[in-house]
Amino acid sequence: MRVNMTVNGRPQEADDVWEGESLLYVLRERFGLPGSKNACEQGECGSCTVRLDGVPVCACLVAAGQAQSRDVVTVEGLADFAKQRSTPCGGHGPGPDAGDATGGGAGRADRADGLAPGISISDAQHWQAKPAESASPELAPVQQAFIDAGAVQCGFCTPGLLVAADELLERTSEPSDADIREALSGNLCRCTGYETILDAVRLAAARASEGA
Amino acid sequence: MDFLRPASWEEALAAKAEHPSAVPIAGGTDVMVEINFDHRRPDYLLDLTRIGDLYEWEAGAEQVRLGAAVPYTQIMEHLRGELPGLALAAHTVGSPQIRNRGSVGGNLGAASPAGDCHPALLAAGAEVEAQSVRGTRLIPVDDFFTGVKRNALAPDELIRAVRIVKAAGPQQFSKVGTRNAMVIAVCAFGLALHPTERTVKTGIGSAAPTPVRAKVAEDFLTAALDEGGFWDSGKVITPSIARQFAELASGACNPIDDVRGTAAYRRHAVAVMARRTLGWAWESYRATADSTKGGAPRCA
């Protein structure tokens, strides 16, 4: 079957998608976005966490067809997503006010400002590991905080943690340690670098409140 | 495999009638695991995520009609007052990512003996609203679980909603596992005080082939509270009553040894959880009874 969705602000289309295929497989193998990691395939590890219509979900548990016409943000689009959120005129993302108190659907991310965040497929396919340049403008604040706090060891869990941590900071500007632990409770780090990960989230929150 | 995308509930019922083997999928937190691990290859996947009605709830005078696909996160955030036991149980499900997708309808559809919602639903009192092109039937949750991962749904039926009795008194939920998140219950216990009827209802999870109520324990406690005048006096429940209740609750279990725990441990843990949840719920009841009587605040 054919599946269309918006990924990191860009329309994407995949053909010949198997009906039982996961959103994670489509992102990695068909759209060339390998940032979301494939580990447990059962929702235990959080390595594949993405935002689906603004809501953090395990991409391995979303059937590809369920993402039809939906808006997906992956770690590759996190910097632009965060930048757009912090731009006053660009407040169309699924921010804290997108919740629906009466029940019903989750907020949709409408890119009404015409920005096209996210990296291109060819950039993603030719991505190479290299040291981050200092003060790189391409990073979301939470990504910079992970680097500065030394929260990245093998790096496999990092993309999922970044997406989850960014969503926490979006809805809670001054999270308590309990808030952070709960928000990240669905993300496993097998290097067990949890303390520095907590440090990184605290650092990102502190920097955001200083800047505000 | 075919991927069916009904745009409305009527279309979904028609699709299920035409393809009774179709597997409904909403949050995917059970179904996708089975597909990813090649444990299941359904001929049809019936995607319910386009049907907005399933994501809404209505709070009536006596019941909450909870759409089958309302995610746990929404229950925790918006229905804690009406459904405190279910909100507590929802908070123990998986992780934030899982709670953003998983729902009570999915929990009931899977009908795992370890499903976290089931003890809360049994204790509160609930009916499953099953619909098909033939019509609607309300299945009491007590009759819903028919075996390990088996339920009372007919092949052409889908769960439209769950009708849960609104709490008129304190409710509690307790679950044993190795950590706070991402845990399948070793065993679980739900308890609801019903002060209007002066009854207590319970639910036991993961300690029998299906979720069950501890009916003998409920009857004993209801009678003991009544005879002792506890509902009116609001006095502390005597330890001997609590102990007897716990032992009877343990007796309602029919557990097995498995990777998560032994049968003996489960029996023991259910007794402990029964005693503790009763204590917590009764303390809340006493606090509200005190304040409605205008009594002085109690010291800690």
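**Helix crossing and chain contact**

Student: At what angle do the axes of helix H4 and helix H7 of chain A cross?

Tutor: Roughly 130°, and the axes come within 8 Å. H4 covers residues 141–148 and H7 covers residues 194–211. Axes are lines fitted to C-alpha atoms, for helices over the stretch in contact, and angles run from 0 to 180 degrees between N-to-C directions. Helices (H or I, at least four residues) and strands (E, at least two) are DSSP runs, numbered from the N terminus.

Student: What should I know about the model and the numbering?

Tutor: The model is predicted: local features need pLDDT of at least 70, side-chain atom pairs count only at pLDDT 80 or more, and totals for chains, interfaces and linings use all residues. Residues are numbered from 1 along each chain as its sequence is written, while chains are lettered from A and ligands numbered from 1 in the order in which they are written.

Student: Back to H4(A) and H7(A): how are they oriented to each other?

Tutor: They are oblique. Under 35 degrees counts as roughly parallel, over 145 as roughly antiparallel, 65 to 115 as roughly perpendicular, and the rest as oblique. The crossing is right-handed, meaning the near helix is turned clockwise from the far one by less than a right angle.

Student: Which residues meet there?

Tutor: From H4(A), Pro141(A), Val142(A), Ala145(A), Phe146(A) and Asp148(A). They meet Ala200(A), Leu203(A), Ala204(A), Arg207(A) and Ala208(A) of H7(A). Eight of the residues in this contact are nonpolar, none polar and two charged. Ala, Val, Leu, Ile, Met, Phe, Trp, Tyr, Cys and Pro count as nonpolar, Asp, Glu, Lys and Arg as charged, and the others, Gly among them, as polar. Contact means C-beta atoms, placed from the backbone, within 7 Å.

Student: New topic. How many residues of each chain are in the contact between A and B?

Tutor: Chain A gives 26 and chain B gives 32. On the chain A side, strand E4 (residues 55–58) gives the most, with four residues. That side has ten nonpolar, 13 polar and three charged residues.

Student: What is the secondary structure of chain A?

Tutor: Seven helices and five strands. The order along the sequence is β-β-α-β-β-β-α-α-α-α-α-α. Of its 212 residues, 47% are buried. Buried means 20 or more other C-beta atoms within 10 Å of a residue's own; 12 or fewer is exposed, and in between is partly exposed, with C-beta atoms placed from the backbone.

Student: Where is Cys48(A)?

Tutor: In the loop between helix H1 (23–30) and strand E3 (49–52). Cys48(A) counts as buried because it has 31 C-beta neighbours inside 10 Å. Among the residues it touches are Leu24(A), Cys58(A), Cys60(A) and Gly160(A).

Student: What about phi at Ser69(A)?

Tutor: Positive, about 65°, although Ser69(A) is not a glycine. Most residues other than glycine have a negative phi. Ser69(A) sits in the loop between E4 and strand E5 (71–73).

Student: Is Ser69(A) buried or exposed?

Tutor: Exposed, because it has 11 C-beta neighbours inside 10 Å.

Student: And phi at Thr192(A)?

Tutor: Thr192(A) has a positive phi of about 60° and is not a glycine. Its loop runs between helix H6 (177–183) and H7 of chain A. Thr192(A) counts as exposed because it has 9 C-beta neighbours inside 10 Å.

Definitions and conventions:
Contact = placed C-beta atoms within 7 Å. Lists of a residue's contacts leave out its neighbours within four places in sequence.
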